[in-house]
Every structure is written in C-alpha cells, then in structure tokens.
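The sequence and the structure follow.

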Amino acid sequence: MNSKMFYFIDWRAEVGNSGSRKEIGQICFWKRGLRGTMLPFMILVILFSIKSEGTESAGSILKNSAASQALSALDWMLGSWKFSLESGTLLSRIERSKSENYLLREDRFFDRQSVLIHEEKTIIAWNPVSELFETWTFRSDGSFGGGIFEQFGNQWSAPVKMILFDGQSSTANNIYTPQETGGFIWESISRTLDDLALPDIPPTAAEEDGSASKTPDWEGNAFSARSFIVP
C-alpha cells in the first residue's frame with residue numbers, strides 16, 4: 001500500500017498578562033501507517049520564542065518591510081466602520097497585525113432587531129509572487145473561504161468564494177471605493193448561492209463606529225492557523 005507524507009505548520013501568537021508577547025511555531029512531518037492510522041515518522045519541531053517587555057514591540061522584530069509597504073495601499077480601510085443595510089447592520093473593524101505584515105478584519109452582522117447573526121474574521125496578506133492581496137475568511141458558523149484584492153482605477157475589487165457550513169457554496173464580488181474625505185463606499189455584486197443568483201447589496205457608505213474597540217479580539221489573546229499539505 002502506498003504511503004503518504006504530509007506536514008503541517010502551526011503558528012500561534014500569545015500576549016501575557018504583563019504585556020509580553022510570545023511567538024511559537026512548529027513544523028511536523030508524519031507518515032501514514034499501513035492500517036490508515038497516523039504514526040509519527042519524523043518530527044522536526046522548530047520552536048522559537050520572541051518576547052517583548054515594556055515599550056519594545058515584537059512587531060519591530062517580525063516586520064516584513066516588503067509586505068508592510070505593500071499593505072500601505074490599503075490604509076484607507078483601517079478603522080472601525082458601520083454599514084446600515086436593508087437587512088440589518090454590519091460592524092467592521094480593520095487593523096494591522098502587531099507585526100504589520102497582515103490586515104486583520106472582524107465583521108459582525110446584526111438583523112433589524114439588533115440580534116447578532118454571525119461573525120467573520122478575515123486575514124488580508126500580500127502575495128509577492130502574484131503581486132496581489134489575498135484574503136482568507138472564517139465565519140463563526142464554520143463557513144470559510146477566500147479571494148483576492150485587486151485595484152481597478154479608483155476602485156478595489158475583491159471577489160470571494162465561500163464554502164458554507166451546510167456544504168453549499170456562495171460567491172460575491174465586493175467593490176470598495178475610497179473617498180478623498182476619508183472612509184469608503186462598499187457594495188457587493190454578482191452574489192450567488194450555489195446556482196441561485198442573489199440580489200446585489202447597493203453602494204453603502206462606511207460610517208465611523210466610535211463604539212468599537214481598537215483591536216480585533218484575536219490579536220489580544222491567541223490566534224492559531226494550521227495548514228495541511230499532502231503531496
């Protein structure tokens with residue numbers, strides 16, 4: 001029986017009570033056993049710890065100048081925003097990560113009765129190979145997806161595809177138009193649920209939301225991302 005090799009990369013960032021920050025990463029290699037169980041074949045663990053005390057910032061150590069500079073093109077998104085929609089309200093917080101290598105976005109959707117429907121967390125990163133911004137989105141109900149950010153004139157197009165928790169798929173093209181006075185206008189077009197076309201979300205101005213906290217929740221506690229690759 002053919003065996004298969006795979007590895008996973010696990011990275012966490014934790015902030016202690018004293019304000020110190022610890023970065024932990026590991027790479028593990030495994031081999032599939034003959035009976036289908038996962039048996040350790042070779043484990044290579046790389047652990048590294050970076051702590052910052054007082055005014056020293058871990059971001060200054062981990063910062064990737066190329067990624068950080070590229071992300072400056074999206075500085076118009078940064079802030080806490082409120083969108084008033086026909087179906088309810090969208091609250092959005094967009095901040096740079098502590099290392100300044102990513103944008104972290106947290107969205108909360110409320111219906112007309114102000115009942116929370118679901119939450120989303122999105123990572124926006126610069127891909128130096130394709131020279132595009134890529135996004136990964138995770139919803140509180142288990143749905144997930146991804147897409148890209150690409151500039152066309154004075155607008156940014158962000159097509160995304162989601163795999164929903166019930167096995168259905170959805171697509172949309174989110175259009176962002178930065179405003180000279182600050183903020184931006186957002187609309188969502190070409191929306192589908194499986195093969196069913198959904199109504200567009202018309203252009204909606206982003207209003208500053210002063211009630212939101214400054215930093216997304218996942219930055220202050222622990223964030224874990226795991227990727228699996230099977231050759």
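Two strands are said to pair if DSSP finds at least two bridges between them. Helices (H or I, at least four residues) and strands (E, at least two) are DSSP runs, numbered from the N terminus. The model is predicted: local features need pLDDT of at least 70, side-chain atom pairs count only at pLDDT 80 or more, and totals for chains, interfaces and linings use all residues. Residues are numbered from 1 along each chain as its sequence is written, and side-chain values use heavy atoms, with hydrogens and water left out.

A hairpin connects strand 4 to strand 5 through two residues. The partners of strand 4 are tabulated below.

Strand 4 (residues 79-85) is largely enclosed by the rest of the structure, because five of its seven residues are buried (under 20% relative accessible area; exposed is over 50%, partly exposed in between; 1.4 Å probe, protein chains only).

A nonpolar core is a set of buried Ala, Val, Leu, Ile, Met, Phe, Trp, Tyr and Cys residues joined through side-chain atoms within 4.5 Å. The largest has 21 residues, and those with the most contacts inside it include Phe83, Phe149 and Trp186. Two or more residues each come from helix 2 (65-71), strand 4, strand 5, strand 10 (155-163) and strand 12 (184-193). Strand 4 gives the most, with three residues.
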